[in-house]
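Here is a friendly walk through one protein model, written for someone who likes to check coordinates against words. Please keep the viewer open as you read.

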Amino acid sequence: MMLIISQIIGLSAVGLYLLSYQLKNRKQIVWTTFFSNFLYVLQYILLGAFSGAVMDGLCAVGSFFAGKKHMPKLRPYIKWIATVNLVVIAVAGVSIAIAQRDVLEFLPVVGALLQTGGLFCEDEQTIRKFGMSSAPFWLTYNFISQAYGA
């Protein structure tokens with residue numbers, strides 16, 4: 001039963017993620033991606049795919065700040081926030097991969113870095129290019145972790 005629920009959640013996450021590429025403005029793309037990341041985290045938790053849950057959780061944090069990057073209080077610090085978010089993704093991901101002793105655990109790290117890095121860009125096309133370049137890494141990880149819905 002949990003497998004079915006996790007796959008439904010994964011399909012919903014994919015639907016939101018694909019929808020984000022159809023949206024016209026940056027803010028809509030970023031926030032749709034945020035909610036997609038949240039659903040992916042739920043799916044990975046249900047499947048016991050720890051590194052995917054952590055990476056998508058960190059992507060959600062990046063999406064949140066990318067969505068708020070034009071706020072006057074955050075604007076002066078957004079490059080630092082983006083850099084810290086990307087460094088945390090890299091360190092957490094490499095640590096998990098080393099702890100798991102599995103080179104395949106690097107796949108969500110690369111996917112998360114590409115996806116999150118793109119969300120901090122201004123141009124919608126650049127955001128889409130980064131997101132699409134992260135897809136092969138996530139697709140491979142999803143297949144391995146049985147996240148077939150994703």
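What follows goes through helices, a salt bridge and a few single residues of this predicted model.

**Helix 1 and its buried side**

Helix 1 takes in residues 2-20, and its end C-alpha atoms lie 27 Å apart; 19 residues at 1.5 Å a residue should span 27 Å, so the two values agree. Which residues of helix 1 are buried? They are S6, Q7, I9, G10, A13, V14, Y17 and S20. These residues cover an arc of only 160° around the axis, which means that they sit on the same side of helix 1. On the face turned away from the buried side, helix 1 carries the exposed residues I4, I8 and L11. The cover over the buried residues includes helix 2 (26-47), helix 5 (106-119) and helix 6 (124-144).

S6, which is part of helix 1, has a relative accessible area of 0% and is buried. Beyond its neighbours within four places in sequence, S6 is in contact with Q43, L46 and L47. S20 also belongs to helix 1 and counts as buried at 1% relative accessibility. Residues up to four places away aside, S20 touches I29, T32 and T33.

**Helices 3 and 4**

How do helix 3 and helix 4 pack, in angle and axis distance? The angle is about 180°, and the axes are 10 Å apart. Angles over 145 degrees count as roughly antiparallel, and helix 3 and helix 4 are therefore roughly antiparallel to each other. From helix 3, the residues F50, S51, V54, M55, L58, V61, G62 and F65 take part; from helix 4, they meet I78, I81, N85, V88, I89, A92, G93 and I96.

Setting aside neighbours within four places in sequence, F65 is in contact with L74, I78, I81 and F120. F65 and F120 are 55 residues apart in sequence, yet their C-alpha atoms are 8.4 Å apart in space.

**One salt bridge**

How many salt bridges does the structure hold? There is 1, and in it the side chains of E122 and K69 meet at 2.7 Å, N to O. The pair links distant parts of the chain, 53 residues apart: E122 is in the loop between helix 5 and helix 6, and K69 in the loop between helix 3 and helix 4 (78-100).

Most residues other than glycine have a negative phi. R101 has a positive phi of about 55° although it is not a glycine. Its place is the loop between helix 4 and helix 5.

**Exposure at a glance**

The table sets out accessibility for residues discussed above.

| Residue | Relative accessible area | Class |
|---|---|---|
| S6 | 0% | buried |
| S20 | 1% | buried |
| K69 | 8% | buried |
| E122 | 44% | partly exposed |
| R101 | 79% | exposed |

Key: Residues numbered from 1 in each chain as written. Predicted model: local features only at pLDDT ≥ 70, side-chain atom pairs only at ≥ 80, totals over all residues. Heavy atoms only, no water. Contact = heavy atoms within 4.5 Å. Helix = DSSP H or I, 4+ residues; strand = E, 2+ residues; numbered from the N terminus. Expected span 1.5 Å × (residues − 1). Buried < 20%, exposed > 50% of the residue type's maximum accessible area, 1.4 Å probe, protein only. Arc of directions from axis to C-beta. Salt bridge = Lys/Arg side-chain N within 4 Å of Asp/Glu carboxyl O. Axes fitted to C-alpha atoms, helices over the stretch in contact; angles between N-to-C directions. Parallel < 35°, antiparallel > 145°, perpendicular 65-115°, else oblique.
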